Amino acid sequence: MLPGFLARVVELLLGREGRSLHVKAAGAATAVLGVVMLLGAWAVVVAEQDAPRANLRTYPQALWWAVETATTVGYGDYFPVTFGGRVVAAAVMVVGITTYGMVTAALATWFVGREQRRRRHLASHARELSEETVHALHERFDRLERMMAGDGERE
């Protein structure tokens, strides 16, 4: 059940043709983070199961620990005590920090892109208005020149 669900989620995040590269990268990083948290929770339980003073003994505890570690919250309620558990913790931290950085960068890129498109649209509109104004002024000057030359009486 779960692998099929994960495959559908990954396809949904990455499969759209029209999506921009930064959105695909953020989606891929988020999918990788989810997998790393799920696998990291399992790996830390395996690494900590026989350790004295271990407090990560069940998968739900380890999953909560993986979420708080990936988000760098680290309440301190659960923590690995073995070398293997700490290696898993380091991997979860690095992937979590990287993912949130990528998602933040993707959002910033989206906002900047929207603002750039808005400004280009405004500049294009201003150029069109400017060209229309210049054309109208040229027509008025031409008419004034004809009037001053005596040709304006026939208009």
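I take helices and strands as DSSP runs, numbered from the N terminus. On that basis I read the pattern α-α-α-α along the sequence of this protein. The model I examined is predicted.

**Entry 1: overall content.** I counted four helices and zero strands in the protein. I noted that 20% of the 155 residues count as buried. I then looked up contacts with a separation of 6 or more, and found that residues 24 or more positions apart account for 50% of them.

**Entry 2: helix α4.** I checked the length of α4, which covers residues 83–149. At 1.5 Å a residue, its 67 residues should span 99 Å, and the end C-alpha atoms lie 97 Å apart, so the two values agree. I listed the buried residues of α4 as Gly85, Val88, Ala89, Val92, Gly96, Thr99, Ala106 and Gly113. I found that these buried residues pack against α2 (21–48) and α3 (59–70). Just after α4, I recorded a positive phi of about 100 degrees at Gly150.

**Entry 3: α2 against α3.** I looked up the axes of α2 and α3, which come within 8 Å and cross at roughly 130 degrees. That angle makes α2 oblique to α3. I noted the crossing of α2 past α3 as right-handed.

From α2, I listed Leu33, Met37, Leu38, Gly40, Ala41, Trp42, Val44 and Val45 as the residues that meet α3. Their partners in α3 are Tyr59, Ala62, Leu63, Trp65, Ala66, Val67 and Ala70.

Terms used. Residues are numbered from 1 along each chain as its sequence is written. This is a predicted model: local features need pLDDT of at least 70, side-chain atom pairs count only at pLDDT 80 or more; totals for chains, interfaces and linings use all residues. Side-chain values use heavy atoms; hydrogens and water are left out. Helices (H or I, at least four residues) and strands (E, at least two) are DSSP runs, numbered from the N terminus. The expected span of a helix is 1.5 Å times one less than its number of residues. Buried means under 20% relative accessible area, exposed over 50%, partly exposed in between (1.4 Å probe, protein chains only). Contact means heavy atoms within 4.5 Å. Axes are lines fitted to C-alpha atoms, for helices over the stretch in contact, and angles run from 0 to 180 degrees between N-to-C directions. Angles under 35 degrees count as roughly parallel, over 145 as roughly antiparallel, 65 to 115 as roughly perpendicular and the rest as oblique. A crossing is left-handed if the near helix is turned anticlockwise from the far one by less than a right angle, and right-handed if clockwise.
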